[in-house]
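Here is a short briefing to keep beside the viewer. Have the sequence and the structure open, and let us walk through a few spots together.

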Amino acid sequence: MQFDLLLKGGRLIDPASGLDAQRDLAIADGRIAAIDADIPFDRAARVVDATGSIVAPGLIDLHSHVYWGGTSLGVDADRLAAKSGTTTFIDAGSAGAGNFLGFRRHVIERSKVRILAYVNISFAGIFGFSQTVAVGECSDLRLCEPRETVAAMREHADVVVGVKVRSGRHAGGSSGIAPVDLALEAADQAGLPLMAHIDEPPPGRSEVLPRLRKGDILTHCFRPFPNAPIFASGAVRPDMRLARERGVIFDIGHGMGSFDFEVARAMLSEGLAPDVISSDVHLYCVDGPAFDILVCMSKLLALGMPLVEVLRAATQRPAEAIGRTDLGALAVGAVGDIAVLRLRPGRFTFVDAVGASLVAEQSLVSDGIVVGGTWWPNEAANDFGDTERFEAHGHETHVEVAARHFGHSHG
Ligand SMILES: [Zn+2]
């Protein structure tokens, strides 16, 4: 038998190479072994019929929280993977230097799905976050220690992709911009990018953004007022344009409170599409409004972003942002991480982080994923039959999120 797995008859979309055509894709020894118009059934040990589906690179969720059990906000990556088409979860600073080893030993190494991580500049990581507890990990600057952060980044270099900082009134209390400067020093010393979260000022985006270097990431880039990237008139703030020209990466990071349809519409209409679509999925937004990366992608699709660009923002772009161009593309020889997705027609009501809704005629759903060459079906794929999936959650979420949005901190 030449191949371990054959995905047959799908519409293969690989934004990195520009290929969008019906192709069969075969896997051997954990890697993509062949991409061809017709690969015979009998050449593979296992065949998955992908007729009517989209075969894309496995999705890379650049901003997630998957330190399950070790942090209050963590979700179980393995439970979310097949359902959301995600083959790589990038944890955005759930752990700091003080508890990174536990994250690695108890979660990353045991997980079936790929997990990489940003190390939080705060030694303790995100330690005080729930529906009722909101103690920002950067509110005590004694916790922001670049030496410890860099040491952890070096020790775990095989799974670490950068430094994370959460500045803002909620995550940083009265620390102002200081955590960002400390995180930048750590990022510079380690030679890796910084992912900067913004919430409610201070510090405002106008303080954070000019500090970011080419390849650094602004997450929560389409957050609502206050600290939104647009004026009340809808015009884009000039610092956003300057940052884009400089090569700062704009990442959605939807989460509980950080994605606003009105802001997204304004940004898209001025040609400032997000570079990366990520979910910021955590325990308090996994049942809405963010749900997972596929729902976030479906929202951008509904706002008019073309399908190939939506896919690019969840594959090629995040792979580039973490310097892992062996992921996020469908080339022969590349890692065998694949998402088999479908555009499901129906009537879907999506809800953003401020409770606004958007009705869409289609939504992306997952048939399953291939991680490191192994097929992993989405067991819930056939439960999607109803279009109430988001409507039901949506209305429920509407109320909860509107309330949470003003009382809570996290992106
Ligand atoms: Zn987050």
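In this predicted model, helix α8 begins with a side-chain oxygen of Asp260 that comes to within 2.8 Å of the backbone nitrogen of Glu262.

**Helix α8**

- The buried residues here include Phe261, Val263, Ala264, Ala266, Met267 and Leu268.
- Among the elements that cover the buried residues of α8 are α7 (238–246), α9, β15 (338–351) and β16.
- Just past the end of α8, Gly271 adopts a positive phi of about 80°.
- As background, an α-helix has 3.6 residues a turn, so residues three or four places apart point the same way.

**Asp280, between the helices**

- Asp280 sits in the loop that runs between α8 (261–269) and α9 (293–302).
- Which side chain of opposite charge is nearest to Asp280? That is Lys164, 6.0 Å away, and the buried Asp280 has no salt bridge; the cut-off for a salt bridge is 4 Å.
- Asp280 does have a polar contact with His65, where the two side chains are joined at 3.1 Å.

- Lys164 belongs to strand β11, which spans residues 160–167.
- Is Lys164 buried or exposed? With a relative accessible area of 0%, Lys164 counts as buried, because the limit for that label is under 20%.
- Setting aside neighbours within four places in sequence, the contacts of Lys164 include His63, Tyr118, Asn120, Met195, His197 and Thr219. Ala92, Gly93, Val119 and Ile121 are also in contact with Lys164.
- An unreviewed UniProt entry annotates Lys164 as "modified residue: N6-carboxylysine".

**Helix α9**

- At the start of α9, a side-chain oxygen of Asp292 reaches to within 2.9 Å of the backbone nitrogen of Leu294.
- Why can α9 be called largely enclosed by the rest of the structure? Nine of its ten residues are buried.
- Those buried residues are Ile293, Leu294, Val295, Cys296, Met297, Ser298, Lys299, Leu300 and Leu301.
- Just after α9 comes Gly304, with a positive phi of about 105°.

- Ala313 lies in the loop between α10 (307–312) and α11 (316–321).
- Its relative accessible area is 1%, so Ala313 is buried.
- Beyond the neighbours within four places in sequence, Ala313 is in contact with Pro274, Asp275, Val276, Ile277, Met305 and Pro318.
- Asp188 is 125 residues away from Ala313 along the chain, and the C-alpha atoms of these two are separated by 25 Å.

**The annotated domain**

- UniProt, in an unreviewed entry, places "domain: Amidohydrolase-related" at residues 262–345.
- That span, residues 262–345, is 36% helix and 10% strand, and its end C-alpha atoms lie 24 Å apart.

- How do β16 (residues 357–371) and β17 (residues 374–377) pair? They run in the antiparallel sense and are linked by four bridges.
- Gly368 stands opposite Pro377 in β17.
- Two residues separate the strands of this hairpin, and in the turn Gly372 has a positive phi of about 55°.

Note on methods: Residues are numbered from 1 along each chain as its sequence is written. This is a predicted model: local features need pLDDT of at least 70, side-chain atom pairs count only at pLDDT 80 or more; totals for chains, interfaces and linings use all residues. Side-chain values use heavy atoms; hydrogens and water are left out. Buried means under 20% relative accessible area, exposed over 50%, partly exposed in between (1.4 Å probe, protein chains only). Lys and Arg count as positive and Asp and Glu as negative; His and the chain ends are not counted. A polar contact is a pair of N or O atoms within 3.5 Å; within protein, one must be able to donate a hydrogen and the other to accept it, and residues adjacent in sequence count only if both atoms are side-chain atoms. UniProt positions are given in the numbering used here, feature names are shortened, and annotations may be inferred rather than shown by experiment. Contact means heavy atoms within 4.5 Å. Two strands pair if DSSP finds at least two bridges between them.
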